[in-house]
2 protein chains.
Amino acid sequence: MSHQHDAPGECKRSMCPVACTLDIIGDKWTLLLVRDLFAGKKIFSEFQSSPENIPTNILSDRLKRLLAHGIVEKNAYQTHPVRYEYALTAKGKDLGAVLNAMVQWGERHVPGSKALMQP
Amino acid sequence: MSHQHDAPGECKRSMCPVACTLDIIGDKWTLLLVRDLFAGKKIFSEFQSSPENIPTNILSDRLKRLLAHGIVEKNAYQTHPVRYEYALTAKGKDLGAVLNAMVQWGERHVPGSKALMQP
DNA sequence: CCGGATCCGGTCTGATACTG
DNA sequence: CAGTATCAGACCGGATCCGG
């Protein structure tokens, strides 16, 4: 799908850590996947079944991107046909702090949102 | 520009606080503006002069969106012609935690990013 | 079925030009 | 200076199709 190679380990827009981070996770779906991974989801269909209804092509693309950035890793849990499960790396788990900050902000400032996480 | 009314105070995709928060700040530019506001920038041209080179139409749009969500407020610092300066509300200042988490993640995991903030 | 890949219309982005 | 206008091209998201 996307042809940008987000060379993992490089800042695209500036040296600012905020900009660098946003270049990697600054979109509507990526952190939702990280949230799901923290919640124990592992496989494609589990991500797909989240209430936000991510389209399959976007899901596929975001998983690849997270892989390329070393935020998740995948391993086959079954051969023939091959099936993969995804898990957060240490780098990915460190995003828990960002997620927590968002949870707190959302719970405080967006009416009608309720706690769902325990990273 | 955009015709979506992001009804401020409502979740669009799900009840999850992460999704709610991402619906508001989940794009490449919004949090960069919040960062600039924390750094003391107040007016249009100051935001424009940040190293990421935000296009003027996007800048204009994001400021409106932040205004609509009560994250920033503007007041005229000059009449004739009217000029506005922007400032974070309490709700906006609460995003500092998200920003800090991103700074820490970026500094730790993205080579070549250096601290620039002190919210 | 499950995990995608492909196709396609519509929306949004971003470079630039322009206006008060 | 603080935006608005324009426009091509990138990207999103829905639907559909396909290999195992």
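**Contacts between and within chains A and B**

Across the interface of chain B and chain A, two salt bridges are found, in a model that is predicted. One salt bridge of the structure joins the side chains of A:Arg108 and B:Asp94, with a distance of 3.2 Å from N to O. Between chain B and chain A, 12 residue pairs are in polar contact, both residues of each pair being at pLDDT 80 or more. On the side of chain B that touches chain A, the helices α1 (17-25), α2 (30-38) and α6 (96-109) of chain B each supply at least two residues, and α6(B) gives the most to that side, with 11 residues.

The contact draws 47 residues from chain B and 47 residues from chain A. The size of an interface is often given as the accessible area lost when the parts come together. For chain B and chain A this buried area is about 3,900 Å², of which 73% lies on carbon and sulfur atoms. Within chain B, the residues that lose the most area to chain A are B:Arg13, B:Met102 and B:Trp105, which together account for 19% of what that side buries.

The two chains are related by a rotation of 180 degrees with 0.0 Å of shift along its axis, which superposes chain B on chain A with an RMSD of 0.1 Å; that is the relation of a two-fold axis. The same surface serves both copies, in that 100% of the contact residues of chain B recur in chain A. Among the residues of chain B, B:Asp27 comes closest to the rotation axis, its C-alpha lying at 2.4 Å.

B:Asp27 also forms a salt bridge with B:Arg62, in which the closest N and O atoms are 3.1 Å apart. This pair links distant parts of the chain, since B:Asp27 lies in the loop between α1 and α2 of chain B and B:Arg62 in helix α4 (residues 56-68), 35 residues apart. Both B:Asp27 and B:Arg62 are buried. A further salt bridge joins the side chains of B:Arg35 and B:Glu52 at 2.8 Å from N to O, and B:Arg35 and B:Glu52 are likewise buried. In chain A, salt bridges that share partners join A:Asp27, A:Asp61, A:Arg62 and A:Arg65 into one network. Over all chains, the structure holds 14 salt bridges.

The largest nonpolar core comprises 64 residues, of which A:Leu31, A:Ile71, A:Met102, B:Leu31, B:Ile71 and B:Met102 touch the most other members. Leaving aside neighbours within four places in sequence, A:Ile71 is in contact with residues including A:Ile24, A:Leu66, A:Leu88, A:Leu95 and B:Trp105.

How values were computed: Residues are numbered from 1 along each chain as its sequence is written. Chains are lettered from A and ligands numbered from 1 in the order in which they are written. This is a predicted model: local features need pLDDT of at least 70, side-chain atom pairs count only at pLDDT 80 or more; totals for chains, interfaces and linings use all residues. Side-chain values use heavy atoms; hydrogens and water are left out. Copies are superposed by least squares on the C-alpha atoms of residues with pLDDT of at least 70 in both. Contact means heavy atoms within 4.5 Å. A nonpolar core is a set of buried Ala, Val, Leu, Ile, Met, Phe, Trp, Tyr and Cys residues joined through side-chain atoms within 4.5 Å. Buried means under 20% relative accessible area, exposed over 50%, partly exposed in between (1.4 Å probe, protein chains only). Buried area is the accessible area (1.4 Å probe) that two parts lose on being put together, summed over both. A salt bridge is a side-chain nitrogen of Lys or Arg within 4 Å of a carboxyl oxygen of Asp or Glu. A polar contact is a pair of N or O atoms within 3.5 Å; within protein, one must be able to donate a hydrogen and the other to accept it, and residues adjacent in sequence count only if both atoms are side-chain atoms. Helices (H or I, at least four residues) and strands (E, at least two) are DSSP runs, numbered from the N terminus.
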